[in-house]
Amino acid sequence: LDWLIMVPILDLVKGYLTEASKGEAKLSPELVEEFKEACGEALKRQFNPQKKEWRLRMSSLGKPLCQQQLDKKQLPKDIEYNAVMRFLMGDLVEASAIFIMKAAGIDIEHTQKEVATDVGGENIKGTLDVKIDGKVWDIKSASPYAFTNKFGNYGGYNKLKDDDPFGYLAQGYGYAKAEKVPFGGWIAVNKSTGEWSICEAPREQEEESKEALDKASENVVALVKNKPFKKLFEPKDEKIKIKGEDVFTGNKLMAMSCSFCNYKYHCWPKAELHKKVATRAVNRPMVWYTKLKEEDLENCL
């Protein structure tokens, strides 16, 4: 039954978008107004946010404890100028996804519903994205890399579980627990190409849910009791293979979880975003270093 539910979502979306691409899709005036309202709320949320005091939120419980501890201290965040654009684009993609699913005839029970449930002895509140056919789903605006390698053909639930710096599992299972329904998984939209993918959570998920929420509960207890701050990740020595042997550059690469954190400079004052040194690629990717020996860059390869 779960498989039968999953496929029609994509089939209906693809069918509707195909009709729209041909200029043959029907457009509901009511849905247009809903979409306008959602876009307006997104603008207000990103460009005129209301300052909120820190509190435990469902959306952050699965993030690394050290990051949440710094959040609780309400330290200044290391945010790039284009961060607001990224957040806005994510909101608009999500609003578009809900509009398209409704227009495609998918039976959506709830959107942006506020829920609450007990996690770690605390009443934790949050806002779920969407509930379809008796399951809670998260909508994700994904980069081409994340779309392919996390939510798409080369990703999947286990890949997300193994690398979950944003706490997606705890968030999804938390919303599902609050609604007393299963967690469906993630509906992902490639924000570059407009492609859609569904990354389904396991059908048998009692153990998965318990594991994710137990971890979140540990974070809640630690935050409530003001457990002393401790960095959970350490940088790695950068190396490259030369004639079959490992050659160390003398640089240190920031842990991936830290690279997504808004408090990089709190833990790594000398952090620097730089083109990757240890690669022979023509177009070198940008990576975060906690230690970068600029004078040795030309001698590493």
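This is a predicted model: local features need pLDDT of at least 70, side-chain atom pairs count only at pLDDT 80 or more; totals for chains, interfaces and linings use all residues.
## Helix 2 against helix 4

Two packed helices are described by the angle between their axes and the distance between the axes. Helix 2 spans residues 29–47 and helix 4 spans residues 83–103. They pack at an angle of about 165°, and their axes lie 10 Å apart. That angle makes helix 2 roughly antiparallel to helix 4, because angles over 145 degrees count as roughly antiparallel. The crossing of helix 2 past helix 4 is right-handed.

Helix 2 contributes residues including Leu31, Val32, Phe35, Ala38 and Leu43 to the contact. Glu34 and Arg45 of helix 2 also take part. Among the residues they meet in helix 4 are Phe87, Leu88, Leu92, Ala95 and Phe99, along with Asp91 and Lys102. By class, the contact of helix 2 with helix 4 has 15 nonpolar, two polar and four charged residues.

Five strands form an open sheet in the order 1-2-3-4-5, with mixed pairing. Strand 1 (108–119) and strand 5 (196–200) are the edges. Each has a single partner strand, so one side of each has no neighbour in the sheet. From one strand to the next, the twist averages 35°.

Strand 3 (residues 135–142) and strand 4 (residues 183–190) run parallel, joined by seven bridges. Asp138 has Trp186 in strand 4 as its bridge partner.

## A helix on the sheet

Helix 8 (residues 206–224) packs on the sheet. Helix 8 touches strand 1 and strand 2 (122–132). The direction of helix 8 makes about 55° with that of strand 1.

Note on methods:
Residues are numbered from 1 along each chain as its sequence is written. Side-chain values use heavy atoms; hydrogens and water are left out. Axes are lines fitted to C-alpha atoms, for helices over the stretch in contact, and angles run from 0 to 180 degrees between N-to-C directions. Helices (H or I, at least four residues) and strands (E, at least two) are DSSP runs, numbered from the N terminus. Angles under 35 degrees count as roughly parallel, over 145 as roughly antiparallel, 65 to 115 as roughly perpendicular and the rest as oblique. A crossing is left-handed if the near helix is turned anticlockwise from the far one by less than a right angle, and right-handed if clockwise. Contact means heavy atoms within 4.5 Å. Ala, Val, Leu, Ile, Met, Phe, Trp, Tyr, Cys and Pro count as nonpolar, Asp, Glu, Lys and Arg as charged, and the others, Gly among them, as polar. Two strands pair if DSSP finds at least two bridges between them.
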